[in-house]
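Visitor: I am new to this structure and would like to learn how its features are read. Please show it to me, and let us take one feature at a time.

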Amino acid sequence: MPLVTTKEMFKKAYEGGYAIGAFNVNNMEIVQGITEAAKELNAPLILQCSAGARKYAKHEYLVHLVQAAIEDTGLPIALHLDHGADFETCKSCIDGGFTSVMFDGSHYDFKENIEKTKQVVEYAHAHGVVVEAELGQLAGIEDDVKVAAHEAHYTDPAEVEEFVTKTGVDSLAIAIGTSHGAYKFTPDQCTRNEDGILVPPPLRFDILEEVAKRLPNFPIVLHGASSVPQEFVKIINENGGHMPDAVGVPEDQLRKAASMAVCKINIDSDLRLAMTAGIRKHFNDHPDHFDPRQYVADGRANIKALVAHKIKDVLGCDGKA
């Protein structure tokens, strides 16, 4: 089976009230952990690569790793560029085998975002590739994406119709309160429950509902949607790490978003935490080990378990491949 685009995936997801997981990949073990879980649960997948991933692993390696995953699993998998910074980067991925690209023009003003996004769309569509764009801007840090809290802003629903109509994009990432990285919210933004755990502010579902009204049946995307599982944070901290007050988006809110217009939910930081927790614990439990296959395998096992949980309990896309 060849790589697929997200067009049919999103149509089914919207109608079915679930979302597709868009998991960031950087190496073989991350690809394996994600795809093994998806295969067992018969779930469709989006594997996405950031600019940082392409620098680290090289474009060609990533494309062939994803192609190997398709051969191994037989699943419908889309290969997506996450946060394409400019036309040249998007073009490189389109020409290099990706089936979906995101052009992130959210830091431009509205008019320039439209102009630059439209340029990418025209080239991508001419080559059978779909395009995601972004309106509004998320705070946080992840790879080359760095946005200070005071620079972030919610998506204005009044702008979405004009933007989608003039650009021709296939999906739209909106800002409703998610954030990049493992420190999505400061303690000052949160409350604490009876166990002393930070509880972040709720997502702006009113914005999502208004966007859905203005763009009926149009697939919406959530970036910065990792939940920062506290069990992994705890393991990391107990095994030499230092991640105080790391907090993410509650999974029940993501499930609600997936039952609405959100068809794609991006997950990256959770994968990093799962991998790091497995490796840190392995080194503490087995200080004599030096074979990377031993400790990286524990990280891969954590990723597989995490992705299986996300597919079943958050995204709701098990059995949908």
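**Reading the model**

Guide: K58 is found in the loop between helix 3 (51–57) and helix 4 (59–73). Helices (H or I, at least four residues) and strands (E, at least two) are DSSP runs, numbered from the N terminus. This is a predicted model, in which local features need pLDDT of at least 70 and side-chain atom pairs count only at pLDDT 80 or more, while totals for chains, interfaces and linings use all residues. Residues are numbered from 1 along each chain as its sequence is written, and side-chain values use heavy atoms, with hydrogens and water left out.

Visitor: What phi does K58 have?

Guide: Most residues other than glycine have a negative phi. K58 is not a glycine, yet its phi is positive, at about 80°. D245 is also not a glycine and has a positive phi of about 60°. D245 lies in the loop between helix 9 (230–238) and helix 10 (251–258).

Visitor: Is D245 buried, partly exposed or exposed?

Guide: Buried means under 20% relative accessible area, exposed over 50%, and partly exposed in between, with a 1.4 Å probe and protein chains only. With a relative accessible area of 36%, D245 is partly exposed.

Visitor: How should I read the pairing of strands, and which strands form the barrel?

Guide: Strands of a sheet pair through backbone hydrogen bonds, either parallel or antiparallel. Here two strands pair if DSSP finds at least two bridges between them. In this model eight strands form a closed barrel in the order 1-2-3-4-5-8-11-12, with parallel pairing. The twist averages 25° from one strand to the next, where axes are lines fitted to C-alpha atoms, for helices over the stretch in contact, and angles run from 0 to 180 degrees between N-to-C directions.

Visitor: Which strands pair with strand 1 (residues 20–24)?

Guide: Strand 12 (residues 262–267) pairs with strand 1 in the parallel sense over four bridges, and F23 stands opposite I267. Strand 2 (residues 45–49) pairs with strand 1, also in the parallel sense, over three bridges; there, N24 has Q48 as its bridge partner. Five of the five residues of strand 1 are buried. I20, A22 and N24 point one way, and G21 and F23 the other way.

Visitor: What unit do strand 1, helix 2 (residues 28–41) and strand 2 make?

Guide: A crossover is right-handed if, with the strands pointing away from the viewer, the path from the first strand over the helix to the second runs clockwise. These three elements make a right-handed β-α-β unit. Strand 4 (residues 100–103), helix 6 (residues 110–126) and strand 5 make a right-handed β-α-β unit as well.

Visitor: Where does strand 5 (residues 130–135) point its residues?

Guide: V130, E132 and E134 point one way from strand 5 and V131, A133 and L135 the other way, and all are buried. Strand 5 pairs in the parallel sense with strand 4 over three bridges, and M102 stands opposite E132. Four bridges join strand 5 to strand 8 (residues 171–174), which run parallel.

Visitor: Which residues line the second largest cavity?

Guide: On a 1 Å grid over the protein atoms alone, a cavity is a set of points where a 1.4 Å probe fits but cannot get out, and lining residues have an atom within 4 Å of a point. The lining consists of T6, F10, H80, S100, V130, E132, S171 and K264.

Methods: On a 1 Å grid over the protein atoms alone, a cavity is a set of points where a 1.4 Å probe fits but cannot get out, and a pocket is an open set with protein on both sides within 12 Å along at least five of seven lines; lining residues have an atom within 4 Å of a point.
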